[in-house]
Amino acid sequence: MAKKLIDLIDISKSYGNKLILDDMNLYMNENRFLTLLGPSGCGKTTTLRIIGGFETPDTGRVIFDGKDITQLPPNERQLNTVFQKYALFPHMTIEENIAFGLKIKKKSRAYIKDKIKYALKLVNLDGYEKRMPDSLSGGQQQRIAIARAIVNEPKVLLLDEPLGALDLKLRQDMQYELIRLKNELGITFIYVTHDQEEALTMSDTIVVMNQGYIQQIGTPEDIYNEPQNAFVADFIGESNIIDSVMLEDKLVEILGTRFPCVDVGFGRNQPVDVVIRPEDIVLTEPSDGILQGRVLSGIFKGVHYEMEVEANGFVWLVHSTVLKEPGTQVGIWVDPFNIQIMNKPESEDEEVEVRE
Amino acid sequence: MVKKKIRGVFSRCYLGLILIILYLPILMLIIASVNASPRNKAIWQGFSLQGYVDLFENETIRQALITTLLLAAGAGLIATVLGTMVCIGMMGMRKRTRAAIMGVTNIPLLNADIVTGIALMLLFSRFVELSFWTMLVAHVTLIIPYVTLSVQPKAAQLNMSAYEAAIDLGATFPYAVWKVVLPELMPGILTGFLLAFTMSLDDFSVTYFTKAPGIHTMSTMINAEYRRGIQTEIYALSTLVFLIVLLALFLMNRRSRTAQREGE
Amino acid sequence: MRKLGARILAGPYMIWMLVFTIIPLLLILYNAFTNTGGQFTLGNVAAIADPVNAGPLWLSLKMSVAVTGICLILAFPLALILRQISSDKNSFIVMIFILPMWMNFMLRTLAWRLILLNNGFLNQALNIMDMDPIYLMNTKTAVILGTAYDYFPFMVLPIYNALVKIDRDVIQAAQDLGAGDWVILGRIILPLSIPGIVSGITMVLVPSMSEFVIASMLGGGKVYMIGNVIEQAFNSGYADTHLGCGLSLSLMGLIIISMIAYYFFDRGGEGSALW
């Protein structure tokens, strides 16, 4: 089984009156690609900085490989960080940048030379040894930042929104690059991002955070298909989130209409949130649907059409490859398996403002 | 942790030490201003505010103060206008022309003040009588680089599309400059003016060589009088100047703090 | 049309610089190479080799290097500490350290007289502590101290500005890669603050080399620098404009040479500072 590599125990951190992390517990296994995902201000970067040693938690401990490193300064930790804005040393050549950590560790000249070569090859930038950072594009600088970190053979690589400053196409290319790198190096990546697509593409495990709390931990599939609360559902992908009542096992009342579902164990007549992904809604002839409604608008999005359908006083977001013209009367049908039932949040803290 | 604390203590001691070195001389001036001793201000002979009373009756000091302020304000204003104009003008120029102008701009800045003063004196003595106006011209020449060097970076970063949009929307060139370009340059212009003003207040060498006989700025007046033993009025004046500057700084700080709080 | 309109704005400035900067310098040049009769001569420029002039020039050079060194050594740690403090708060504390700059230059120098005079503050303090008096007035040390005090803010500000520009991430990246405090200082902060150090040195070295009024106020005529020699050439009973211009030209030459030498050494230094 995978070994526990980093363990965060009861971590709290606040700046002034603002609580950033509240009693957080989280562990990370060896050789995983773990992503901390959440909107800005959710505490994900603070978590990363606590692991990296740039912040000291107010309470709690950081255990790395069995040892308590909470008070250890960053330069004595066996992990390396890739910064959001690259943070290359502007006065050094690429070669000197990459060699920086190795020289501090007093490695031999030959070893350093080999390592530089290897690292540049790994990030597909052979031959850039003598260039200066400012002569490189953003994407190239980011690769050098990664190369500079990994030559030190850290057990964990921390990445703080490393693709945030790149344009869309480059970002997608770099996502594959990072997955490849992680597999070749066989080390743990801890990745911070607010971009859900990035998180879904690359991660083994996603930790969704909001306002200093962990909302859900799981594989990308878990997180997408079975969000545990409305925040996660709304933050990851697009969704229809509807106040509903769980009448009994396998039967939920949505907007006054009964829908069969597959969930059990919520009790009787229990208020819940229901999540239905737009692509899981099937538009039928009015008579074939569980609900009847009218198409308000339709926009072509490339792979699919995005439609808004009004039914029972709620505007449903629907994705379909077939366009129904605005004004058309339609039926709405959902596979019981695609109805995701969630408990209402217990405290106001957890339910917070959602993206957009 | 311990290391951090030691460093904190060391930092504070160092700041304290430098503060003492910086403010001890100023403290000396303040003490001298209330020293009853008529000539030798180094020896304490009791407290007196006579210097402050005399200050308001001393015509020489008043004249020197007025001249100094007029020079600084006038030269600062002229330099700011010329310096801002050239920065806007340079935006439409080729790189090489621009570099040449900036090169010439650096001359009075890098050259020794005494040489700048002598050079201007040679020019003036050939063509005109030395007067307040020659001093004004000399000061403008001395301080103009500070304006240009403060405004130029702002002009270089200027968002040209805002200006082009203004032209596109039918603005005339002067209107676009007035409404779009100048507001963006304003921080640089203000810094430039303040720097220029300060440099003019502080100058001795250039004034010394270009001043007309009988006209004094504070600097040249002190130079002319210190051997005879400085009058208490000058110490009183310097104390007042210091207090005014200190007050201005505190007010500025207070305002920026409230602005910050409101921003949050 | 648009560009033409803009270019005209540069006109007054260019005329001003031509008339009041370039032509006066040409006048110095002309006077330096002619005698009172208007004939060409190298004598005025060559006069710098005369020990009467070369001595003060050499003294000015040594003293300005000392002044610049003192300022640099004191200003760099100060700027470092200020960078650390002011990033959390505002620039108020920085202003405190450059506030003395707004006192008139002559007043600042005058204040040092009060401290250094034989019966001044320093010796009164020493007397209270039962120590022997130090007679600094009218010595080179007094002039160096006073000059360093006057130009100190001009060293602090550019270095501070350069330090503030260093990205916090860059420093943290170095830390992350295993660098301790001293390595960060030597390998990251120092090299990245070189532009500030360069302009700081320029702004202190040149004026302190050509200074003459501090030398007469604190040196009491016993410290005779090149600035004093030049001043005397214009404003004494033996005034000789042509000689004064020749010496001025030599001084400018020295400034230019030391700037060039300095940039040259600096470039060499930057390369060798990297391990």
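## Report on chains A, B and C

The residues of helix α1 of chain A that count as buried are A:Lys44, A:Thr45, A:Thr46, A:Thr47, A:Leu48, A:Ile50, A:Ile51 and A:Gly52. The model is predicted. Helix α1 spans residues 44-52 of chain A, and because eight of its nine residues are buried, the rest of the structure largely encloses this helix. After α1(A) comes A:Gly53, which has a positive phi near 95°.

**Chain A overall**

Chain A holds eight helices and 20 strands. Its C-alpha trace spans about 80 × 45 × 40 Å along the principal axes. Of its 356 residues, 39% count as buried. When contacts between residues at least 6 apart in the sequence of chain A are taken, 67% of them join residues at least 24 apart.

**A sheet in chain A**

One open sheet of chain A consists of six strands in the order β6-β7-β8-β3-β9-β10, and its pairing is mixed. At the edges are β6 (79-82) and β10 (213-218), each of which pairs on one side only. On average, neighbouring strands in this sheet are turned by 20° against each other, with direction ignored. In general, strands of a sheet pair through backbone hydrogen bonds, in either a parallel or an antiparallel manner. Strand β9 (residues 205-210) of chain A pairs with β10(A) in the antiparallel sense, over five bridges. In one of these strands, β10(A), A:Tyr213 is the bridge partner of A:Asn210.

**The loop at A:Gly267**

A:Gly267 sits in the loop that runs between β13 (257-260) and β14 (270-276) of chain A. Is this residue buried or exposed? A:Gly267 is exposed, because 10 other C-beta atoms lie within 10 Å, and a residue with 12 or fewer is classed as exposed. A:Gly267 and A:Glu248 are 19 residues apart along the chain, and their C-alpha atoms are separated by 6.2 Å.

**Contact between chains B and C**

Between these two chains, 66 residues of chain C are in contact with 61 residues of chain B. On the side of chain C that touches chain B, helix α2(C) gives the most, with 14 residues. By class, this side of chain C has 49 nonpolar, 12 polar and five charged residues.

Two packed helices are described by the distance between their axes and the angle between those axes. For helix α3 (residues 59-91) of chain B and helix α2 (residues 11-32) of chain C, the axes come within 7 Å and cross at roughly 120°. Which residues of the two helices meet? From α3(B) they are B:Leu82, B:Gly83, B:Met85 and B:Val86, and from α2(C) they are C:Pro12, C:Tyr13 and C:Trp16. The residues in this contact of α3(B) with α2(C) comprise six nonpolar, one polar and no charged.

Key
Residues are numbered from 1 along each chain as its sequence is written. Chains are lettered from A and ligands numbered from 1 in the order in which they are written. This is a predicted model: local features need pLDDT of at least 70, side-chain atom pairs count only at pLDDT 80 or more; totals for chains, interfaces and linings use all residues. Axes are lines fitted to C-alpha atoms, for helices over the stretch in contact, and angles run from 0 to 180 degrees between N-to-C directions. Helices (H or I, at least four residues) and strands (E, at least two) are DSSP runs, numbered from the N terminus. Two residues are in contact if their C-beta atoms, placed from the backbone, lie within 7 Å. Ala, Val, Leu, Ile, Met, Phe, Trp, Tyr, Cys and Pro count as nonpolar, Asp, Glu, Lys and Arg as charged, and the others, Gly among them, as polar. A residue is buried if 20 or more other C-beta atoms lie within 10 Å of its own, exposed if 12 or fewer, and partly exposed in between; C-beta atoms are placed from the backbone. Two strands pair if DSSP finds at least two bridges between them.
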